[in-house]
Structure formats: C-alpha cells, structure tokens
Amino acid sequence: MTSTRTTAWEELVTSALLGTDRRPAPAGDLPLLDAAALHTVRRRAGLLPAAAAVPPSPAPDDPRPEPPEPARRRLAQLLADRSGPPGSGGRRGAAPDLTELLPQWLAAALRHGYRAPASQLDALLDAARARTDLRPQALAFAGARGLWLARLNPAWKFALRSTPGGTALPASTEGVQSLWEEGLFAERVALLTAVRAAAPAAGIDLLATTWSTERAEDRLMFLDSLRTGLTDGDEPFLERALADRSRNVRSTAAELLSALPTSALAGRMAVRAMTCVSLDLSEDQVRISVEAPHECDAAMQRDGVSAVPPAGRGERSWWLGQLVEAAPLGVWTGRLRGCTPDRIVALPVADGWGEELHSAWCRAAVRQQDTEWSRALLSGPGTTSLAERAKLLAALPDDERARWVAEFIAGNGLSEAFQLLAICDVPWAEPLGRAVVDALEIARDAGSYPWSFSGVMGLAERCLDPAEAPRIEVLTAIPDETEGASPGAGGYWAEAFQRLVSTLRLRAAMAAELADESDWGEAVERPA
C-alpha cells in the first residue's frame, strides 16, 4: 500500500513539473492540484515522529539585576537600529545616530552592574556579530547566559572565542582547574583574568599548568592578558617565555619584561642602551652623543631585539631604537650627569640622531606609563607626530590631558585635533568641551562647510557633557550668510548643531533611565 501511494505521489510531482501536456496526470476522479493536496495530507499524516533531541542544559544563573523598564525600552530601540557601524556612511539631518550611542549605553549599563534582559540576548548577540567594536561590552553585558545561548547558534560562534568580562570565580580549587582545562577559550581567558585579580601568583601558576600544551596563538593571547595587573612576580614566567618556540610569544614576553623597570631584562637592555648614549662635554655646547650598536648578537635577539629592520630603515638605527625603548627611563638621569627629563629632552643630539632617540624615548614612556617623561616629551622639540603625542597624553592624568588638548585646540584649531580628542576621558572636562565648541563656532563663522569637521562633530556628540546642550542651542539658528562663505553652509552648520543638541539630550535621557531616576522623563530630548 505504501509503495503504491509513493508511486502515485511521484507521478503527480512529475506531471506538475513537466506539465500535463507532456506527462498526463494519473488516472483518477480529482484534478491534478486537488489530487496533490490529498496526497500531501496523507503523507504528512503518515510521518513517524523523530527521536526526541536531548534538551540543552538550563541557562546559568546571572545574579545581576536587569536594567529598569525605561532603559530596557531604550536598549530595544538602539538594537533595532541596524544602519551599520559608526562611520559606515554619510548622514545628515538633526536626528541622533543611534549606532554611535549603543556602545555608550552598554558601558553605562555595565557601570551600573546590570545584566542583559533575557528577551534581548539574541538581538544583542546579532549586533555584536555585525560589529566587532561592540563585542567586549556586549559579551560582558550578556554574561554567562550569553555564552550559553551562543553555543546553540553557529552564527554566534564568535562569542566562544572572545573574552567577556566580569567572570566570577568557581567556589572551589577543583572548579577553577576544571574550568581552566575544559572551558571555552573565552571562559579560560576570563578565568585567568579573574584569578589574577584575586591572587596574581595563583594566576601564573594556573597558566603554567597547561602552557606547554597550548597552541601558539593561544599562548600569545594568554600572555597578552598579563598586561593588566602586570607585577614583578610575573618576571620568572616571562623570562622562561623568552625561549618560547613562537617568535610572537618571545617578542611579547620581552615587551612585558621591559615594562617592569626592575626586571633582569630591563637591566640588560639598560646596560646596552647606556653604552650607546652619553653626554658630550667636549664642545662649547653640551649635547648628547650617540654611537649606535654595530651588531645584533644572539643575546640581544633572545631579549626581544629584532635583527632585521623594516624596509627603509637602517640596521643600526633600528637596533638603537629597540634598546632605548626597552631600557628603564630612570637610568638616563644618572647616565646624563643628573639631568632631569625636561633638561634631557631639550639637549641637542649630535650627528642627526635626535629624531630616532626621541622616538625611542616616546615609546619607552608609553610602555612604562611614565608621567614625568611623557610630560617632558610633549613639550620638547622632538615630538611632532600626532600619533606620538596621543600616546604620550594617555600617560597623563585625565584633567591634565584635557587641559593640554584644550590649549592645543585653542592654538591650532580642530584640523589636527581628532586623534588627540579620541584619547580624552568621557565626558570631556568643561575646559576641553568649551574649547571644542568655540573652535566649531569659529569654523562655522569662517564660512566653510561642516563636512570637514564631521569627525570632530561625531566625537562631540558622544563625548561632550550633556550639560553643554543649553549653551550650544544658540548655535542651531541659521546664521546670516557672509561674503565669501560657501553657499548654504550656514544651513548645514545649523543642522549639525541641531543634531549635536538632540544627541546630548538623548544621552542625558539614557543616563537618567539607567539610574532609574523618577524624573527621567524630564531629560528626554526636545526638538532643537
């Protein structure tokens, strides 16, 4: 009986595909389509149920509270806007760009200690899949439940190789070891970070238990995670890593050791660097003399010095830069007759070695996070690169950094300020915010189009203190067109300032919603 019905079904399908002119329908009382419908019902009714699949294990508990209801609605609005990552295309109009506000919302939610609402985990993971810049915050917000859900959908497998934050330690030593040996890579990195935060030495001991069996790329990422909370107690492990079979692992280990001024590697590099740099008192003018190394021996290479320079770089200057960069900055005051960093940076350097030497000192100050040297190099004659300045500024206290950038903008305008603004603390301090708004107003009055300043305007939307909105509102009116101004530029500037004001008000509303303030509705944006 079954075989007969199967044959009849196949004949019906053949007639439907070829047409009844070429293949007449099987004999019967019903038209072709009616017969096909009848056979479809028979086939479905006769299906045997498949074996039941093993249900997934229950989702882990997340003790963090969910955000307040207004904040959950705001998150749904932000996740629903899928216009792409920031900078993916031009935009105009006075409405805020929600894609640029989602990272800020996630950061604020994490500061409040909230977890992702269960109903929005899928949308959150979809957003993180599309935007790599969201992943650290999105996965920390999603927590263990997000990883649990990611295992059930191949589209979210990225989450299983990423590193979420906020991992709680298992209750027992056995639980820690079990998770370390059997967990996903993301869980293992998060576990290592959590163990080190509680007991740095225990974290190194845990890493050592499986170090020799880890893949090279995993060893590199584990080693890189040691940057946070790096201590002198990590030195023995890092010294052993200098003999690793992976060149990238060896290089990273050497870099971390050079960030520990009292490490043996830092001492070895200091000895090498000081043989190359000295104070020359033989001329009328005191100056720094440089004698770059003539070879890169095996001991130097073991300590992380790369022997082969990039294209266009001389070998000796390449080796010199690496030695000076890895030497503790504290050695130079003694080497150069008690000179302070300010005095050292101001001294002339003989034979054209000044740029190479100052660049190496800049990298050393950034690596060692030395505030005094960073301050000296920023005001010195040899630091002209904006990239170098931005890195040095990162070593200064937040308020000093903001003042420095505000003074730079007041003297130089906004054309070169974007990279410097990007490393300032958010929200911008009042002097910095005022300097940016004043410079934008000057640019508007000059009659140019605002598109040249779109990057700074976008930063202002995300970084200005929302309390600045009333002050900026006076700039939303279309100014009178002056002689020599670009046609219609005033209207475009008014629109840009309207978007800035509406974005600041939206950020104020977001902050109030997350704080669960009873009067949050008063902060909701009003038409500019």
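Rings of Phe, Tyr and Trp (its six-membered ring) pair if their centres lie within 6.5 Å; planes under 30 degrees apart count as stacked, over 60 as edge-to-face and the rest as tilted. The model is predicted: local features need pLDDT of at least 70, side-chain atom pairs count only at pLDDT 80 or more, and totals for chains, interfaces and linings use all residues. Residues are numbered from 1 along each chain as its sequence is written, and side-chain values use heavy atoms, without hydrogens and water.

**Aromatic pairs.** The whole structure holds twelve aromatic pairs. In one, the ring centres of Trp211 and Phe237 lie 5.0 Å apart with planes at 75 degrees, so this pair is edge-to-face. Both partners are buried (under 20% relative accessible area; exposed is over 50%, partly exposed in between; 1.4 Å probe, protein chains only).

| Residue | Relative accessible area |
|---|---|
| Trp211 | 13% |
| Phe237 | 4% |

Separately, Trp180, Phe185 and Phe222 form one aromatic cluster.

**Cores.** A nonpolar core joins buried Ala, Val, Leu, Ile, Met, Phe, Trp, Tyr and Cys residues through side-chain atoms within 4.5 Å. The largest has 101 residues; Ile288, Trp361, Ile409, Leu421, Trp428 and Leu432 touch the most other members. Another core, of 33 residues, lies apart from it and includes Leu102 and Ala150.

**Helix packing.** Helix 15 (residues 315–326) packs on helix 18 (residues 354–368) at about 35 degrees, with axes 8 Å apart. Helices are DSSP runs (H or I, at least four residues), numbered from the N terminus. Axes are lines fitted to C-alpha atoms over the stretch in contact, and angles run from 0 to 180 degrees between N-to-C directions.

Note on methods: Helices (H or I, at least four residues) and strands (E, at least two) are DSSP runs, numbered from the N terminus.
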